[in-house]
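Welcome, and thanks for opening the viewer. Let's take a short walk together, one selection at a time.

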Amino acid sequence: MTLWTHEGMRRGRAETRKFAHNDVNDARKIIAKWRALGGLGQVWIAVESVYSMEGDLAPLPDLSSLAVESDAVLVVDEAHATGIYGPNGRGLSHDLKAEVLTLHTCGKSLGVSGGLICGSKVFIEALINRARPFVFATAPAPLTAALVRTALQVLQNESDLSASAKSRVASAHLSARRYGFPKETLNSQIIPVMLGDEARAMRMATALQKQGFDVRGIRPPTVPRGRSQLRISITGNVNHEDISALFETIHNYQRKTE
């Protein structure tokens, strides 16, 4: 989950539990154990639809089923799905059966700033009246609000935008497979190149940047020690030739430095 979700849980007064990444059965066991020990109140299950570091997808249909059987609220951070996935880029949680609260960034695909929270009327009214960071925050500038509204209208009216994004993602996955990237790392527009060693990751990132590729090295504390990587994110300002050239360059660099 995002930094802000974790920080919100730390600052809140509710009990929190962790479950294994994308493991719905583990989440079910933890909820059952908590209830058996006398846990009361409503459960909230918080996940990202597209995870920001390794680009894997949450099993949202299964999590939705768990939320229904547990009378839980499913909180989904759609920051990296908004604008790309779902009808007109609405995200991956638009048609789930559970009670869902979704978070969407207005940056990234929408190209503005700020964020949106979508949910039932009672959720939104509670946040407006009780969420202190919102109540006491400076309101967004009218220009920002207008730009966000326009971006949402563009997504609604121009379905080819998300289709074009998906086409570039598919091209990236094809190129990555051609150069031997593990299939399990190819899930979305975010593609990790797992290197492990921090120094190696930063050297490779620097080498790629010198050749014109805006690829960042990710190292501790952003990721656990031993999980340093390159983080590739396919954006709208690259074409299929750029994408193919990137993966060829990474492949050649790895061969030279192994």
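A pocket, as the word is used here, is an open set of grid points with protein on both sides within 12 Å along at least five of seven lines. Keep that in mind for later, and remember that you are looking at a predicted model.

**Start with the whole chain.** Turn the view along the principal axes, and the C-alpha atoms fill a box of roughly 60 × 45 × 30 Å. The radius of gyration is 20 Å, which agrees with the value near 18 Å that a compact globule of 258 residues would have.

Buried residues account for 38% of the 258 residues. If you display contacts between residues at least 6 apart in sequence, 63% of them join residues at least 24 apart.

**Next, go to the second largest pocket.** How big is its volume? The answer is about 370 Å³. Select Asp214, Val215, Ser233, Thr235 and Val238: of the 15 lining residues, these are the closest to the pocket's centre.

Pick strand E7 (228-233) and then helix H9 (240-257); each supplies at least two residues of the lining.

**Last stop: colour the lining by class.** Which classes of residue will you find there? Seven lining residues are nonpolar, four are polar and four are charged.

Notes
Residues numbered from 1 in each chain as written. Predicted model: local features only at pLDDT ≥ 70, side-chain atom pairs only at ≥ 80, totals over all residues. Heavy atoms only, no water. 1 Å grid on protein atoms, 1.4 Å probe; cavity = no way out; pocket = protein on both sides within 12 Å on 5 of 7 lines; lining within 4 Å. Points joined across faces, edges and corners; volume = space filled by probe spheres on them. Helix = DSSP H or I, 4+ residues; strand = E, 2+ residues; numbered from the N terminus. Nonpolar A, V, L, I, M, F, W, Y, C, P; charged D, E, K, R; others polar. Rg over C-alpha atoms; globule rule 2.2 N^0.38 Å. Buried < 20%, exposed > 50% of the residue type's maximum accessible area, 1.4 Å probe, protein only. Contact = heavy atoms within 4.5 Å.
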